[in-house]
Amino acid sequence: MAVRRDPTAEFDLLEVRRALETHIARVAAIRMTAAEVDALERAVVGMRESEADDNLYAAADIAFHEVLASASVVDPVAATEVDADGRKQAEDLLRQAQAD
């Protein structure tokens, strides 16, 4: 069964994503520790150095977003409570999005 894509809904989703990511980045920048800044920089370097390898790029991109997520939450313990299934789903979705 094929999923019909609604261009309006996709645009709306991008708008929501942009607003959320902007807010998350702003909050993370305020709360980030030196270790998180280092981790973020390593993730960015990893993305730049792995543009030709989708798997390495996806891993670096996920690491980048995990640092932002961790730094943007009030309770840092909550940020580390991501189960393996949730991480695998996120990796699968990212790879699928890159393939599209």
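Accessible areas come from the Shrake-Rupley method with a 1.4 Å probe. By this method, the protein, which is a predicted model, exposes about 7800 Å², with carbon and sulfur atoms supplying 58% of that area. Of the 100 residues of the protein, 20% count as buried. The fold contains five helices and zero strands, so that, read from the N terminus, the order of elements is α-α-α-α-α. Among contacts between residues at least 6 apart in sequence, 66% join residues at least 24 apart.

At the start of H3, a side-chain oxygen of Asp 53 comes to within 3.0 Å of the backbone nitrogen of Asn 55. The buried residues of H3 are Ala 58, Ala 60, Asp 61, Ile 62, Val 67, Leu 68, Ala 71 and Ser 72. An α-helix has 3.6 residues a turn, so residues three or four places apart point the same way.

The loop between helix H2 (34–49) and H3 includes Ser 50. With a relative accessible area of 5%, Ser 50 counts as buried, because this value falls under the 20% cut-off. The side chain of Ser 50 reaches the backbone oxygen of Gly 46 at 2.6 Å, and the backbone nitrogen of Tyr 57 at 3.3 Å. When neighbours within four places in sequence are left aside, Ser 50 is in contact with Leu 56 and Tyr 57.

Definitions and conventions:
Residues numbered from 1 in each chain as written. Predicted model: local features only at pLDDT ≥ 70, side-chain atom pairs only at ≥ 80, totals over all residues. Heavy atoms only, no water. Buried < 20%, exposed > 50% of the residue type's maximum accessible area, 1.4 Å probe, protein only. Helix = DSSP H or I, 4+ residues; strand = E, 2+ residues; numbered from the N terminus. Polar contact = N/O pair within 3.5 Å; in protein donor to acceptor, adjacent residues only side chain to side chain. Contact = heavy atoms within 4.5 Å.
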